[in-house]
Structure formats: structure tokens, C-alpha cells
Amino acid sequence: MIPNRIFFIWLGKNFPWSAEIAVKSALYAQKPDEIIIYSDCELVCPYAQCKLIDLAELEIDKELYGKLKSPASKANLLRLAILYKYGGVYLDTDTVFVKPIDDLLRFKGFCGTETVALPRELFNSINPFTYMACGLRFAWRFFCTYCPSGEQIFRKTEGFFSQSANNAVLASEAENPIIAKAFETIKSMPEKERLKRYRLGTHLLQNITQNKSSEFMEVLPSSYFYPLGPEVCRHYFLNGTAKRLNKMLLPSTRIVHWYNSVEHRFLKEPLNADWVKKYPESAFSKFSTLTPQ
């Protein structure tokens, strides 16, 4: 059984307002035994314990960690090490709890899939029609991203897209064999491969799970954590979408990953309390008020 323990990772000094929303929503919706933010510098958050990262305690390869330049790559390695040593539920800071996950803690591990237009296995194909189909999916997703109520149109067609595991929500018991397999896979990678983007993150998780459930890792459908996938989740930030939130989310949705990459690409203003006041009828603004202020 997975311990009711939630943790986040933040590398850097300034813990953003939106990340605090993620922590607060986890506290009030799930009521975990503890919430910890692991960081590389001193942080203060009223809703969680803040703990400095200790590479020796987590038994992380310091040489590999030092060579990883991207904070995202370092966080990929850290979440695996923390899960293997202590168990619990890891969350990215661009997530919001909407329902408790108590029933999911009975598994030995769990993650979820997201709906993607460009599956990793595409690059192993030499069939030109496969690439043409991919291009059509990209074009259709682009249309749905900008079309009014496009997320509902996309939902009717997402069966034509691939489902790939994502590590923004990742949980396991301590010493889970799937997490151990992740470290074995990392050790077997050529050094240049380890340093590439996504290799220690989504690509690694997809490799060790093959996007399928097993005895030690339940791979849940996208509805659980990624009800709107990449790009299409732009609709969370449009004013007027709050009234469609009950359609954006699904009965099985527990946590919403809202993709801060979309925030950076589509928003022209900082995502903070002032933004929420300015766009009160956006779905994201409704997320941010699901927990006490």
C-alpha cells in the first residue's frame, strides 16, 4: 500500500504562487499524513514541510546529478530516488487536486497516461503514412486548441491519439521493483543518452511500463490526471470556461495537471492572484478557489 504522503520538488529560490496552490489543494483535498517540498535552497511554505535535498541520504549518483543541467532532469532523478526510499505520491507543482485519491493508495504504484499527438515510438517507424497521420493529428489538435469549446470537440476524437505515461503524478511503495527497474535502465544508458531531454522522465517511464499496468505499477487512463492533454489544456485559462469545468473534468478525475508549459506559451501575464481576479470566469480560476483561501 502506498503511504498517504505527498511530496513536491522545487529547484530555485522563488516558489511561485501557482505552486502554492498545488500544495494547498493537496493538503485540503487529500489530507495526507505529511506534505514535503524538497528543495535545493531554503524555502518557506505555510502548507508543507520544506526540506533541503540531501543527495547522500537519497543515494543519488552525485556525478550524474551534477552533469544534469536542466532542473526538470534533476527533478526526474530526485522523484525516483525519493519514491524508492520512502514511498508516497509525487506531484509536479502545476497540478491541482479535485478529489481524494485514497482508493488509489491500495496499489503498489500508479501513474497516468496523457493524450499525445507525437508518440515516442513514431521515431522507430519508416512508414510515411504513419508520419502523415501524425501530421493530421497535430493539425486537428491545433484546431481544437484555438476553437471555441474546442476541448469538447477534441474529446470526441482523442481515441485516434496515442496514450503515453507521464510522470507529473507518480506514486509507489518504498522499494518498488518498477522504480528499481528505472534505476537499472538509467545505469545501462550511454552517458549522452542520460543527458537528453525527457530521457530520465516521461521516456523512461514509458520504457519501463510500456504504457501498460503491471503488478507493481497501475497505469491509469488520462481521465484521472490529464483530462485535457497538452495544448488543448489552453482552454483552462480562457475567461468563460469556468462554466464548462464540469465537462472538462470527468467522473474519474482526481488531480488536474494543467501544464505550466502552456501557461508560459499562451499567457501574456504572470499567473498569480491578480491574474485570477482579472479572469474570474476561467476554469483555472475556479481550480484555485476549490480550497480555502
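## A partly exposed serine

Ser 149 counts as partly exposed, at 31% relative accessibility. Partly exposed lies between buried, under 20% relative accessible area, and exposed, over 50%, using a 1.4 Å probe and protein chains only. Ser 149 is not a glycine, yet its phi is positive, about 55 degrees. Ser 149 sits in the loop between H4 and helix H5 (150-155). Helices (H or I, at least four residues) and strands (E, at least two) are DSSP runs, numbered from the N terminus.

Asn 211 also has a positive phi in a residue other than glycine, near 60 degrees. The loop between H8 and strand E8 (218-220) holds Asn 211. Asn 211 is partly exposed, with a relative accessible area of 23%.

## About the model

This is a predicted model, where local features need pLDDT of at least 70, side-chain atom pairs count only at pLDDT 80 or more, and totals for chains, interfaces and linings use all residues. Residues are numbered from 1 along each chain as its sequence is written, and side-chain values use heavy atoms, with hydrogens and water left out.

## The largest pocket

Rolling a probe the size of a water molecule over the atoms shows where empty space is left. The search here uses a 1 Å grid over the protein atoms alone: a pocket is an open set of points with protein on both sides within 12 Å along at least five of seven lines, a cavity is a set where a 1.4 Å probe fits but cannot get out, and lining residues have an atom within 4 Å of a point. Points are joined across faces, edges and corners, and a volume is the space filled by probe spheres set on them.

The largest pocket holds about 1,400 Å³ of space. Its lining has 41 residues, and the closest to the centre are Asn 166, Arg 197, Tyr 198, Thr 202 and Ser 261. Elements that give two or more residues to this lining include strand E1 (5-10), strand E6 (109-116), strand E7 (162-172) and helix H10 (260-266). H3 gives the most, with six residues. By class, the lining has 18 nonpolar, 14 polar and nine charged residues. Ala, Val, Leu, Ile, Met, Phe, Trp, Tyr, Cys and Pro count as nonpolar; Asp, Glu, Lys and Arg as charged; the others, Gly among them, as polar.

## The second largest pocket

About 420 Å³ of space lies in the second largest pocket. It has 17 lining residues, with Leu 58, Glu 59, Ile 60, Phe 183 and Lys 187 nearest its centre. H3 and helix H6 (177-188) each supply at least two residues of the lining. H6 has the largest share, five residues. The lining divides into nine nonpolar, no polar and eight charged residues.

The structure holds one cavity of 30 Å³ or more. The largest cavity has about 60 Å³ of space. Among the residues that line it are Asn 76, Arg 79, Asn 167, Ala 182, Gly 201 and Leu 204. H3, E7 and H8 are the elements that give two or more residues to this lining. Its classes are seven nonpolar, three polar and one charged.

## Salt bridges

There are 14 salt bridges in the structure. Each is a side-chain nitrogen of Lys or Arg within 4 Å of a carboxyl oxygen of Asp or Glu. One joins Asp 92 to Arg 79, with the closest N and O atoms 3.6 Å apart. This pair links distant parts of the chain, 13 residues apart: Asp 92 is in the loop between strand E4 (88-91) and strand E5 (95-97), and Arg 79 is in helix H3. Asp 92 and Arg 79 are both buried.

Lys 196 pairs with Glu 193 in a salt bridge, the closest N and O atoms being 3.3 Å apart. Lys 196 is partly exposed at 40% relative accessibility, and Glu 193 is partly exposed at 26%. In another salt bridge, Lys 278 and Glu 269 have their closest N and O atoms 3.0 Å apart. Glu 269 counts as partly exposed, at 27% relative accessibility. Shared partners join the salt bridges of Glu 63, Lys 67 and Glu 191 into one network.
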